[in-house]
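This briefing sets out selected features of the structure shown below. The points are grouped by topic.

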Amino acid sequence: MTLLKKVLLLFASGGAGTLGRFGLLLALRRLPAGRFTWPTIIVNFLGCFLVGLVVELAAERWQWDAHTSSIILIGFFGAFTTFSAVILEALRLGQSGDWLWAAGYIVVQNVLGLGGIIGGVNLGRVLA
């Protein structure tokens, strides 16, 4: 695969991930507001779960090459589950004086992210 082709595929895959994140956030915007931004938590958990699932299935069932895996994982999921949004939201909580909530928010994101990856890998093993 040429570098130009890979860059174009990453661009398209990243665009799809961005649109997927945007669409899901729009669909979840009706969730009750609170200190935590639940739509971002849900998107990141779902993204982590799907990354685990795709990684396991790509390796065991689909036998993707390294190029295809990087296009999907870096492109699509890199755009879909941007954790910089989590850190920015935690910073805003902290700047408003809610440092304990900010720390809790980071813990919740990471625990659910790890749980999502483990769940996705385990489901991938069952489906592989």
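In this predicted model, the side chains of Glu56 and Arg125 form a salt bridge, with an N to O distance of 3.7 Å. Glu56 belongs to helix α2 and Arg125 to helix α5, so the pair ties together parts that are 69 residues apart in sequence. Glu56 is buried, at 12% relative accessibility, whereas Arg125 is exposed, with a relative accessible area of 53%.

**Salt bridges**

- The count of salt bridges comes to two.
- Besides the pair of Glu56 and Arg125, a salt bridge is formed by Asp98 and Arg35, whose closest N and O atoms are 2.4 Å apart.
- Asp98 is placed in the loop between α4 and α5 and Arg35 in the loop between α1 and α2, so this pair ties together parts that are 63 residues apart in sequence.
- Arg35 counts as partly exposed because its relative accessibility is 42%, a value between the limits of 20% and 50%.

**Buried charged residues without a salt bridge**

- Arg21 lies in helix α1, which covers residues 3-28, and Glu89 is found in helix α4, which covers residues 84-95.
- Arg21 is buried yet has no salt bridge, and its nearest side chain of opposite charge is that of Glu89, 6.0 Å away.
- Glu89 is likewise buried without a salt bridge, and its nearest side chain of opposite charge is that of Arg21.
- The two side chains do not count as a salt bridge because their separation is 6.0 Å, while the criterion requires a side-chain nitrogen within 4 Å of a carboxyl oxygen.
- Leaving aside neighbours within four places in sequence, Glu89 is in contact with Thr37, Thr40 and Tyr105.

**Nonpolar core**

- In soluble globular proteins, nonpolar side chains tend to be buried together.
- The largest nonpolar core here has seven residues in all: Phe36, Ile41, Val86, Ala90, Leu93, Ala102 and Tyr105.
- The elements that contribute two or more residues to this core are α4 and α5, the latter covering residues 99-127.
- Helix α4 gives the most to the core, with three residues.
- Ala102, one of the core residues, is in contact with Ala90, Leu93 and Gly94 when neighbours within four places in sequence are left aside.

**Nonpolar surface**

- Leu31, Trp38 and Ile42 make a nonpolar surface patch of about 240 Å².
- Ile42 lies in helix α2, which covers residues 38-62.
- Ile42 is partly exposed, with a relative accessible area of 33%, so this residue passes the limit of over 30% that applies to patch residues.

**Backbone geometry and a glycine pair**

- Most residues other than glycine have a negative phi.
- Gln63, by contrast, has a positive phi, near 50°.
- Gln63 is placed in the loop between α2 and α3, the latter covering residues 66-80, and counts as exposed at 63% relative accessibility.
- The C-alpha atoms of Gly78 and Gly47 are separated by 9.1 Å, although these residues are 31 residues apart along the chain.
- Gly78 is located in helix α3 and is partly exposed, with a relative accessible area of 38%.

**Overall architecture**

- The secondary structure of the protein chain comprises five helices and zero strands, and its elements run α-α-α-α-α from the N terminus on.
- The C-alpha trace of the protein chain spans about 50 × 35 × 25 Å along its principal axes.
- Of the 128 residues in the protein chain, 33% are buried.
- Among contacts between residues at least 6 apart in sequence, 70% join residues at least 24 apart.
- The protein chain exposes about 7700 Å², of which 71% is supplied by carbon and sulfur atoms.

Key: Residues are numbered from 1 along each chain as its sequence is written. This is a predicted model: local features need pLDDT of at least 70, side-chain atom pairs count only at pLDDT 80 or more; totals for chains, interfaces and linings use all residues. Side-chain values use heavy atoms; hydrogens and water are left out. Helices (H or I, at least four residues) and strands (E, at least two) are DSSP runs, numbered from the N terminus. Buried means under 20% relative accessible area, exposed over 50%, partly exposed in between (1.4 Å probe, protein chains only). Lys and Arg count as positive and Asp and Glu as negative; His and the chain ends are not counted. Contact means heavy atoms within 4.5 Å. Patches are made of residues with over 30% relative accessible area and no salt bridge: like charges are joined within 9 Å, nonpolar side chains (Val, Leu, Ile, Met, Phe, Trp, Tyr) within 5 Å. Accessible areas come from the Shrake-Rupley method with a 1.4 Å probe; for residues, only the protein chains shown count as cover. A nonpolar core is a set of buried Ala, Val, Leu, Ile, Met, Phe, Trp, Tyr and Cys residues joined through side-chain atoms within 4.5 Å.
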